[in-house]
Amino acid sequence: MNLQIKSFDEYKRVYDYSVNEPENFWAEIASSFTWKRKWDKVLEWNFKEPNIEWFKGATLNITENCLDRHLENNADTPAIIWEPNDPEEDHRVLTYRQLHDKVCQFANVLKNNGAKKGDRVCIYLPMVPELAIAVLACARIGAIHSVVFGGFSAQSIADRINDASCSLVITADGGFRGNKDIPLKDIIDDALVQCRSVNKVIVLTRSRAAISMIKGRDVWWEDEIKKVETQGNPDCPAEEMDAEDVLFILYTSGSTGKPKGVVHTCGGYMVYAGYTFANVFQYQPGEVFFCTADIGWITGHSYIVYGPLSQGATNIMFEGIPTWPTPGRFWDIVDKYKVNILYTAPTAIRSLMSFGDEPLQGKDLSSITKLGSVGEPINEEAWHWYNEKIGKKQAPIVDTWWQTENGGIMISPIAGVTPTKPGYATLPLPGIQPVLVDENGKEIEGNGVSGNLCIKFPWPGIIRTTYGDHERCRQTYFSTYENMYFTGDGCLRDEDGYYRITGRVDDVLNVSGHRIGTAEVENAINMHSDVVESAVVGYPHEIKGQGVYAYVILGSSEHDKELTRKNILQTVTRIIGAIAKPDKIQFVTGLPKTRSG
Ligand code: WT7
């Protein structure tokens, strides 16, 4: 089966097929990937435990799908075109051949440093090609990667490293984002004071900041590569992985104070990321795809690394931010590399929109044929601006709804196939069975209704467990409503059966497309010695979608309020990271409470 649907009629036909014969449908999709051994059974599942196994008995290595299989015909196709933070610095191009060789080389470095199948490796790197190389090198040898976004604090990193007992960390001396230098290695050093499982740190040279290297623990990336070169064997055979072996852990926030390690497995995740990339974006050979996410989030895992590379696509990887050194940065990149498909977040669109038309002047955006949006509901104004100013009304917009736990896009138009509607994620992809339920878990049928969004049948990219705590996975996603995966989102299904996601129905905020638990922020605020109690809620924010609003009760009355405010912000930055900083802090003397407190 071709991964791409070409007409709306075909969509309807294939969708019905995928619901009536899910195993046959997914077996056909999976056949377009390279397996070392075929599966005995497509699917075994129950949502009660939950236990979900896709492509049982099959073996594979995802990097053979992302690298080796392209070497025959597409070895010289650019896999990654890297655009640095500073436009004055040279860009880099890695062809599939070059990326393959670098991944093998670094995989051997990992082995030399004691990493083996099943070990957990924490990756804390800036958006440079070596981040993708490190991720793929882990996958090559069957080590489990846990990428931590470069904006998280030492404390957050330590929590994540300890939760997964990582033995190895890959980082850089520092990184650049906009006009900021990020002291990545210093932050790692702070984190590792609390982490006893880590015995090796591999440090990439990026910023040339002065850092300290700890003897016996820290080694330079470049030195280790040299050692591998002198050992003479550039190849690294791909480890044979069971379809249900863990590929990676990625931490995400929930309604409790502690982030959970979402676990994805090799076979199902590969199939789902590749299938959704090919189908939703209708990627054609030779097209240039630009996903603006950071690889520290699931969007980057699925649509910079695994999805596009599994399909032999050409990817832009951008180190910087949309507004530096000018708010025309994205449009310069589109112009420079003749980007065909741009995939970004509503928060970036709203932010760029606020600068007016000036940054667009003189930028040739005519290469753009498809646009994507992800991470939060897109408001109509931003949708229309994106459509008119960037797509020139010629480029279909795919508003893609999905979650870290899903592995890939779930509800979305198929570019050029599904008629779109501003603000609507439209229809489920073939293979996805959404339902709306009421408070009691009763399915709400028909159109023109709203409820809580659940999925009633597994798909290959579904979360398998939360690392080290299966019960938490069951409770969070599979216990609210019997026999369904609960998304935590509220949703409307209109008269045409189109889905519109209305936002979270739990205590989770969506700030600039990033998920932040209110309890996590409260915990961080409460670390401040003057704070007695706090309550965090979201409020509508023009650019970020949601802002963080904190009500805080202070201990004694003798306070310089401004100083305390600053200290609280610092505390949150230190405990979680700058992304969770409250936009507003209001000092109060009491908080409303239920009778039970
Ligand atoms: C939450 C998942 C996986 C993408 C990056 C965020 C919200 C995501 C949309 C959309 C409306 C959306 C939901 C979801 N969300 N995409 N197109 N329209 N809301 O991943 O951090 O796991 O967050 O983001 O509320 O539950 P995440």
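Author: The model is predicted, so local features need pLDDT of at least 70, side-chain atom pairs count only at pLDDT 80 or more, and totals for chains, interfaces and linings use all residues. Residues are numbered from 1 along each chain as its sequence is written, and side-chain values use heavy atoms, with hydrogens and water left out.

Reader: Why is Ser 302 called buried?

Author: Buried means under 20% relative accessible area, exposed over 50%, and partly exposed in between (1.4 Å probe, protein chains only). Ser 302 has 0% relative accessibility, so Ser 302 counts as buried.

Reader: What makes the pair Ser 302 and Tyr 269 a polar contact?

Author: A polar contact is a pair of N or O atoms within 3.5 Å; within protein, one must be able to donate a hydrogen and the other to accept it, and residues adjacent in sequence count only if both atoms are side-chain atoms. The side chains of Ser 302 and Tyr 269 make such a contact at 2.7 Å.

Reader: Why is Met 484 called buried?

Author: Met 484 has 9% relative accessibility, so Met 484 counts as buried. Its contacts (heavy atoms within 4.5 Å), leaving aside neighbours within four places in sequence, include Phe 47, Val 435 and Tyr 477.

Reader: What makes Asp 189 and Arg 217 a salt bridge?

Author: A salt bridge is a side-chain nitrogen of Lys or Arg within 4 Å of a carboxyl oxygen of Asp or Glu. Here the N to O distance is 2.8 Å. Asp 189 is buried because its relative accessibility is 15%. Arg 217 is buried too, because its relative accessible area is 13%.

Reader: Which residues are linked with this pair in a network of salt bridges?

Author: The network links Lys 185, Asp 189, Arg 217 and Asp 218. Within it, Asp 218 and Arg 217 meet at 2.6 Å, N to O.

Reader: Why is Arg 504 called partly exposed?

Author: Arg 504 has a relative accessible area of 24%, so Arg 504 is partly exposed. Arg 504 forms a salt bridge with Asp 506, with the closest N and O atoms 2.6 Å apart. Asp 506 is partly exposed as well, because its value is 26%.

Reader: How many residues surround the ligand?

Author: The ligand is surrounded by 17 residues, each with a heavy atom within 4 Å of it. Among the closest are Asp 399 and Arg 515. A polar side-chain atom of Asp 399 lies 2.8 Å from a ligand nitrogen. For Arg 515, a polar side-chain atom is 2.7 Å from a ligand oxygen.
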